[in-house]
Amino acid sequence: MKLPILEAGKGLNYTLNFKNASDGSRDEVLQVYLASRFKDGSPWSPDISQPLDISDSNISHLGMNAKITILPPKATIAGSISVNNPVLTYQSPYEATFSLNSLASQGEVMNPKMHLKIPAGQAYVEGSASLVYTGNPTLSSATENALKNLGSLASERDFTFDVSEAMGVTDFILPKGATISLKASFTPECETELTGIRYKGELDATNIYGQAAAGKGRSYTSDKMYANISNTYTFNTTSSLTTNAYMEGGEGTLTVTISRQGSSAEELSTEKVQILLPSALEINGTISYSSSDMTGVSGSYTTTGTVDNNVRTVLIPLPYAAIKADGSHNGLGKTITYTIPVKAAAFGTDAYFTQNPVGKVEAQVTSDKSFDASCPPRPATIGEATVINVFLFAYDAGDKKVTAGTDYDVTALTTG
């Protein structure tokens with residue numbers, strides 16, 4: 001670009017507008033030079049259709065040299081899952097909302113999705129689903145049919161809230177600062193897990209160039225929902241952890257104390273202490289229990305639990321015979337304390353935990369109950385559960401050689 005003659009002490013301001021025509025896969029660098037020929041006053045007619053040749057003999061002065069780096073706008077996807085009623089009543093409908101947003105995004109988000117886990121026993125109410133978005137779009141028949149055909153209620157089912165499909169378009173683009181939601185109603189049936197359920201979702205999206213958006217792989221859950229079941233007795237539960245943060249190999253101790261409340265009329269027979277842990281936390285030895293209120297109620301229990309969908313479930317039967325032998329009204333008002341050693345496994349190569357480092361440790365007492373007279377008994381939560389948040393942090397822990405007096409960077413593997 002050729003500038004007019006610039007008089008001494010004067011200035012010129014120029015605004016340059018660019019359009020990024022690249023594929024967005026890398027930073028684009030612009031180099032800006034100011035060059036002039038003023039040594040003999042003769043005219044200079046540089047070829048402005050070509051890049052500046054800074055070795056041109058006509059240049060007598062090479063001034064400012066500025067480098068401008070243009071970064072592709074970062075696409076970021078986030079989401080949430082909510083329900084309008086956390087209390088599950090047999091065959092009584094409630095509404096679940098699955099939301100995707102670009103509120104923290106610098107650029108547009110393309111093809112946003114939420115890969116969902118629909119809990120067992122939750123039956124979709126046909127025709128109840130709708131989209132919440134600008135212009136009140138109509139939900140596509142493809143998404144409605146997918147909800148109507150989730151499969152057997154006996155187990156957790158997969159469903160993807162694919163915004164492009166739900167809108168009936170190809171490559172839907174969510175503008176930055178926008179939110180789109182899918183609302184759908186469900187009824188809880190006999191197959192409902194009575195120890196509590198959560199809807200779970202994992203995010204997926206790209207930027208407009210087809211590259212993975214920030215937030216892809218991050219997981220969200222609804223609040224825990226519990227069945228509305230009447231009991232003549234409950235258990236108070238308290239729990240604590242010696243540490244809430246774990247690196248790979250880190251150890252801690254979970255302490256859970258339970259106490260029966262309410263009626264003492266029913267003998268204990270199917271009650272268990274249920275512990276839910278992130279599967280990256282393992283049981284590190286033997287679980288022990290004792291009571292300062294009941295004679296003979298002490299012992300140990302060995303289990304590693306079972307793992308499903310990144311959750312470790314540990315079930316510990318109550319010492320029924322010892323509680324009854326103590327003669328304290330089936331344990332009414334008495335306490336039992338469980339000591340559970342835990343250790344963090346090597347989880348740095350597990351994409352789920354590096355993307356989702358905050359987990360939950362839950363403790364509760366269960367007993368076999370029926371959701372409805374028409375339903376077979378299954379484990380149900382008796383009383384309130386306790387929840388403790390834990391943080392799992394992984395880093396590159398391989399052997400390193402460093403020289404004294406030099407810096408050494410630790411590479412964090414945890415990104416969520």
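This is a predicted model: local features need pLDDT of at least 70, side-chain atom pairs count only at pLDDT 80 or more; totals for chains, interfaces and linings use all residues.
Residues are numbered from 1 along each chain as its sequence is written. Local features need pLDDT of at least 70 and side-chain atom pairs pLDDT 80 or more, while totals for chains, interfaces and linings use all residues, and side-chain values use heavy atoms, without hydrogens and water.

Select Tyr 94 and Tyr 199 to begin. Their ring centres are 6.5 Å apart and their planes stand at 65 degrees, so the pair is edge-to-face. Rings of Phe, Tyr and Trp (its six-membered ring) pair if their centres lie within 6.5 Å; planes under 30 degrees apart are stacked, over 60 edge-to-face, and the rest tilted. Tyr 94 belongs to strand E5 (residues 94-101) and Tyr 199 to the loop between strands E11 (179-188) and E12 (200-206), so the pair ties together parts 105 residues apart in sequence. Helices (H or I, at least four residues) and strands (E, at least two) are DSSP runs, numbered from the N terminus. Both tyrosines are buried, that is, under 20% relative accessible area (1.4 Å probe, protein chains only).

Next, select Tyr 233 and Phe 235. This pair is edge-to-face, 6.2 Å centre to centre with 80 degrees between the planes, and both residues are buried.

Finally, go to helix H1 (residues 141-148), whose buried residues are Thr 143, Glu 144 and Leu 147. These buried residues of H1 pack against strand E7 (122-124), strand E9 (157-162) and helix H2 (163-167), with contact meaning heavy atoms within 4.5 Å.

Technical notes
Buried means under 20% relative accessible area, exposed over 50%, partly exposed in between (1.4 Å probe, protein chains only).
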